[in-house]
Amino acid sequence: MMNVAELRSIARFNGISDLQMFSSEKQLVWAIQRARGEDTCFLGDTRFKCQESECEWRDDCRRLVAEWRR
């Protein structure tokens, strides 16, 4: 998984300025996806059926995560 500093750098590059409002990595990735015009699918319910093989979040998204951490 990318660390928070890397995610914030990507977010700034994509025009997201108010980074303090995102309390989790999932919310930050969703904000990046929205800024890029993509579906906000990271760690979503359909992640194991995902067909996007070129997605940069794929490996992190498809790993098993305890329900309480999502």
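**Charges.** I looked up the charged side chains of this predicted model and found 12 positive and 12 negative ones in the protein. Lys and Arg count as positive and Asp and Glu as negative, with His and the chain ends not counted. The centres of the two sets lie 4 Å apart, each charge being placed at NZ of Lys, CZ of Arg, CG of Asp or CD of Glu.

**Basis.** I note that the model is predicted, that local features need pLDDT of at least 70 and side-chain atom pairs pLDDT 80 or more, and that totals for chains, interfaces and linings use all residues. Residues are numbered from 1 along each chain as its sequence is written, and side-chain values use heavy atoms, without hydrogens and water.

**Elements.** I found three helices and zero strands, in the order α-α-α from the N terminus. Both kinds of element are DSSP runs numbered from the N terminus: helices are H or I of at least four residues, strands E of at least two.

**Helix H2.** I then listed the buried residues of H2 (residues 25-35): Lys26, Leu28, Val29, Ala31, Ile32 and Gln33. Buried means under 20% relative accessible area, with a 1.4 Å probe and protein chains only. Helix H1 (4-13) is among what covers these residues. After H2 comes Gly37, with a positive phi near 80°.

**Whole protein.** Of the 70 residues, 29% are buried. I noted that the C-alpha atoms fill a box of roughly 30 × 25 × 15 Å along the principal axes. Among contacts (heavy atoms within 4.5 Å) between residues at least 6 apart in sequence, 23% join residues at least 24 apart.

Methods. Buried means under 20% relative accessible area, exposed over 50%, partly exposed in between (1.4 Å probe, protein chains only).
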